[in-house]
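I set aside a page for this one and went through it item by item. Here is what I looked up, in the order I looked.

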Amino acid sequence: MQIDLLSPERFAGGQPHDQFAWLREHDPVHWHDEPGGRGFWAVSRFADVWAVDRDFATYSSGPTILIADPMSESGGFGPYKMMLMMDPPEHTAFRKLIRSEFTQPAAHLREGRIQALARQIVGAVIDKGECDFVAEVAGEMPSFVIAELMGLPLDDGRELYKLTETIHTAPEALPPGAGAAAVQKMFEYGTRLIAEKRARPADDLASKLLACEVDGRRLEDVEFLLFFLLLVDAGGDTTRNLLSGGLLALMEAPDQHRWLMADLDARLPAAREELLRWTSPVIYMRRTARRDAELGGKRVREGDKVVMYFGSANRDPEKFDRPDALVLDRPANEHIAFGTGPHGCLGQHLARIEIDAMLREVLTRMSGFELAEPIEWLPSNFISGPKRMPVRFRRA
Ligand code: HEM
């Protein structure tokens, strides 16, 4: 089997599950060459991915969680970095600054508003009979929620979300400089936001971040901007891709769809977890070995890149029965779509509420889904999901 986990075209029809299956069976910690880079270990089994993600003492999140080392395209913030790329104890101190906004109780306080947003989003397309499900339905929710969280107009959330899509697209698939330009625009917006929220602080996360302290000092502007970029970025096309990929999975498994609809409220939580396992919107996170280590029988050297493939771990037959079947009532579904360990997805409670609200609204008000045109997938080896999914539907 030819293994290529880098070319965006290999992800142009969804995640490369054929390659993942081969790797798990034949070479679960596989040395992967990297044109222009030092190469990396591709980790494909659940147990190894889980162990690496939790062992921050051996596997660092710095200098980056992307396979390519930082370069001028998107890196280069001097000594500053996103929380996602820090290790404890520094990471712990930064995560603490926003943790309380993302606890389960805090996320549940937003439930009513999120359900209202879901009603509004579906209401805007319901009479059209056809739409691009990705842009017009699935993408709307996370961009609105992040806007509400940060205290921005909903329309601005939509614009910021478009920028994240560019940032997540492989540089090879974009016009030269487009990725850097998108990061730049995001920062310009963030800089205007700092001025606005300093002048008129409100009850929102942006104002709280500007007022809080780390190590007895306020955040510097660049630190605020990196938080802003992380939050807009992390919750945007991940949630969107789960919703679009999730609807696609239901369209492809009508028996499962029928099972879900027979008792939607009671069955939704289990179904949502299976859709998370099935779609695994985050393809990988990279770590860098801080010291020599043994992993799956291979000798990892200090400085080596170690890449955890969540989508592969989520189809590991050693962890899941019938991993290649969509089983919405899968018992004890311990998937790793949100990662684990110190960086485990901070937004997961909020994401679950967004997903449930949208699925409830979409599945009860719209029906008879069929693809109106072939799906176009995101040309990215980092984030997986449909980029465009034109669907026809009826009012339910
Ligand atoms: C279906 C939706 C989502 C998926 C699949 C997802 C997945 C992930 C994954 C895999 C990680 C890295 C975990 C690791 O390294 O172990 C992560 C981190 C993170 N996610 Fe999510 N995420 C989703 C939605 C969200 C939302 C809605 C938000 C916030 C609004 C969010 C905020 C974050 C943040 C801030 C981090 C970094 C945490 C840290 O470094 O400590 N995510 N997410």
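Before listing neighbours, I settled what counts: two residues are in contact when heavy atoms of theirs lie within 4.5 Å. I also kept in mind that this is a predicted model.

**Entry 1: glutamate 274**

Which residues does glutamate 274 contact, leaving aside neighbours within four places in sequence? I found Ala325, Leu326, Val327, Leu328, Arg330 and Asn333. Glutamate 274 itself is found in helix H14, residues 264-279. I then looked at its side chain and found a polar contact of 3.0 Å with the side chain of arginine 330. Arg330 is also on the contact list above.

**Entry 2: the iron**

Which protein atom is a donor to the iron atom of the ligand? I found a single one, SG of Cys345, 2.3 Å away. I traced cysteine 345 to the loop between helix H15 (310-313) and helix H16 (348-365).

**Entry 3: around the ligand**

How many residues surround the ligand? I noted 30, and the closest are Asp53, His91, Arg95, His343 and Cys345. By class, the shell divides into 17 nonpolar, 9 polar and 4 charged residues.

One is 2.5 Å from an N or O atom in the side chain of aspartate 53. For the side chain of histidine 91, I noted 2.7 Å between an N or O atom and a ligand oxygen. At threonine 340 a polar backbone atom takes part, with a ligand oxygen 3.2 Å away. As for which elements give two or more residues to the shell, my list reads helix H3 (90-99), helix H11 (221-235), helix H12 (237-252), strand E7 (284-289) and H16.

**Entry 4: the cysteines**

How many disulfides are there? With a cut-off of 2.5 Å between cysteine sulfur atoms, I came to 0. Cysteine 212 is in no disulfide, and the nearest cysteine sulfur, that of cysteine 345, is 20 Å away. I checked burial too: cysteine 212 has 16% relative accessibility, which means it counts as buried. Cysteine 131 is buried as well, with a relative accessible area of 4%.

Notes:
Residues are numbered from 1 along each chain as its sequence is written. This is a predicted model: local features need pLDDT of at least 70, side-chain atom pairs count only at pLDDT 80 or more; totals for chains, interfaces and linings use all residues. Side-chain values use heavy atoms; hydrogens and water are left out. Buried means under 20% relative accessible area, exposed over 50%, partly exposed in between (1.4 Å probe, protein chains only). Donors are N, O and S atoms within 2.8 Å of the metal (3.2 Å for Na, K and Ca); water is not among the atoms, so sites may look incomplete. Helices (H or I, at least four residues) and strands (E, at least two) are DSSP runs, numbered from the N terminus. A polar contact is a pair of N or O atoms within 3.5 Å; within protein, one must be able to donate a hydrogen and the other to accept it, and residues adjacent in sequence count only if both atoms are side-chain atoms. A residue is near a molecule or strand if one of its heavy atoms lies within 4 Å of it. Ala, Val, Leu, Ile, Met, Phe, Trp, Tyr, Cys and Pro count as nonpolar, Asp, Glu, Lys and Arg as charged, and the others, Gly among them, as polar.
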